[in-house]
Amino acid sequence: MKTPPVETSNELVGLRAQIDAVDRELLALLNRRAGLALAVGDLKKREGTVVFRPEREAQVIDGLKSENPGPLQTPSIAPIWREIMSACRALETPTRVAYLGPAGTFSEEAAIGYFGASLMRVQCASIDEVFHATASGAADFGVVPVENSTEGVVARSLDLFLHTPLFIIGETSLFIRQNLLRRENTLDGIRAVCAHPQALAQCHGWLSHHLPDADRRPVASNAEGARLAAQDPGIAAIASVRAASEFGLHVLAPAIQDDAHNRTRFAIVTHPEQHPVPKPSGHDCTSLVVSVKNLPGAVHDMLVPLKRHGVSMSRFESRPARSGQWEYYFYIDVQGHPDEPRVGAALSELHDTCAFFKVLGTYPIDVK
Ligand SMILES: O=C(O)C(=O)C[C@]1(C(=O)O)C=C[C@@H](O)C=C1
């Protein structure tokens, strides 16, 4: 058997010594930054203001991206600085984040992607529980899925937004790669596939082709499916690679979702008593839910103020109002912050034309 060559050149040794020296400088700089964050934390405590400032974090990342001289690639900037700010924030105060658990769910990945790894995990059994944990103060923030590029809206989240006291403070999205996981490393003998209903739907084509006889069993989360698969060799799960390592399962088939570009968007929610509405960051989105009377032209009239004030709409979804009258709630995202005069004017006119009007939140657009 051939052994791979081991690098011994003086040139490599010299370059690594330079990398070590730069790492020591970086460590000293990061500690200087951490010291400043601690000072900011003390100041905020004295002034009684909140630690997490999504608009400031978005501005830090936007600024560094626009100044990046390379060769570091610009898409690397956001994940690196998110972690740096997560570690600095943790020195100021713990960030307790509720999401659909257990460990290994895509919601957990979204929470870490948004807040960084320095967070306190509050794992919940359902989306309702995420709202409840955040509303009751058991968590500072909640992360809930709102929309999938293949399956459309996450109806339960949208319905809960209608009456919750919580508001949206941020958004993040995730490429969803669904994988078939199992204890045995073979497709033979799979009786059932357990996963969240959204994941089963996202993999409908693959399952029909490769496992036509297996029972499809919806469970509360993909990680719950993985837990069941770890207990029973006749069960396979659809979940993330993280869930495979969490539950000691084989990845039998990677990326089995029918749409290669499958993405899920998550909203970050918090309580108005815990957090103020973020100030404008320069690239903001405002989410609303409205309804109009079931009359001819009412939906058209509702959109006129947006057009008149030049406010663009990036999302428009409808959900039945369950009144039995063919009435709908419309979930609308507009670009901009209500503190911008044209956005503020458009929203106040829109408010006047609607039978129901609720601002779900205003927050910096997801920076990647
Ligand atoms: O600038 C602040 O307000 C800070 O607390 C510092 C800092 C950072 O590390 O840059 C940390 C947490 C906030 O969410 C925003 C930024």
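This is a predicted model: local features need pLDDT of at least 70, side-chain atom pairs count only at pLDDT 80 or more; totals for chains, interfaces and linings use all residues.
Around the ligand you'll find Arg33, Val40, Lys44, Val51, Phe52, Arg53, Arg56, Glu57, Met85, Cys88, Arg89 and Glu92.

Arg33 brings a polar side-chain atom to 2.8 Å from an oxygen atom of the ligand. Glu57 also uses its side chain: an N or O atom there is 2.6 Å from a ligand oxygen. Arg53 does things with its backbone, where an N or O atom lies 2.9 Å from an oxygen atom of the ligand. And how much of the ligand's accessible area does the protein cover? On its own the ligand has 360 Å² of accessible area, and the protein covers 90% of that.

Now go back to Phe52, one of the residues around the ligand, and follow its ring. To describe a pair of aromatic rings, you give the distance of the centres and the angle of the planes. The structure has eight aromatic pairs. In one of them, the ring centres of Phe52 and Phe115 are 5.3 Å apart and the planes meet at 50°, so this pair counts as tilted. Why does this pair tie together parts that are 63 residues apart in sequence? Because Phe52 belongs to the loop between helix 1 (10-47) and helix 2 (54-67), while Phe115 is in helix 4 (residues 106-115).

Are Phe52 and Phe115 buried or exposed? Both are buried. Phe115 has a relative accessible area of 0%, and buried means under 20%. Phe115 pairs with Tyr114 too: here the centres are 4.8 Å apart and the planes are at 80°, so the pair is edge-to-face. Tyr114 is buried as well, with a relative accessible area of 8%.

Look for Phe175: the charged end of Arg263 sits over its ring, 4.4 Å from the ring centre.

Finally, zoom out to a longer stretch of the chain. An unreviewed UniProt entry annotates residues 96-271 as "domain: Prephenate dehydratase". In the model, this span is 34% helix and 33% strand. Its end C-alpha atoms lie 13 Å apart.

Note on methods: Residues are numbered from 1 along each chain as its sequence is written. Side-chain values use heavy atoms; hydrogens and water are left out. Rings of Phe, Tyr and Trp (its six-membered ring) pair if their centres lie within 6.5 Å; planes under 30 degrees apart count as stacked, over 60 as edge-to-face and the rest as tilted. Helices (H or I, at least four residues) and strands (E, at least two) are DSSP runs, numbered from the N terminus. Buried means under 20% relative accessible area, exposed over 50%, partly exposed in between (1.4 Å probe, protein chains only). A charge sits over a ring if NZ of Lys or CZ of Arg is within 6 Å of the ring centre and within 35 degrees of the ring normal. A residue is near a molecule or strand if one of its heavy atoms lies within 4 Å of it. A polar contact is a pair of N or O atoms within 3.5 Å; within protein, one must be able to donate a hydrogen and the other to accept it, and residues adjacent in sequence count only if both atoms are side-chain atoms. Accessible areas come from the Shrake-Rupley method with a 1.4 Å probe; for residues, only the protein chains shown count as cover. UniProt positions are given in the numbering used here, feature names are shortened, and annotations may be inferred rather than shown by experiment.
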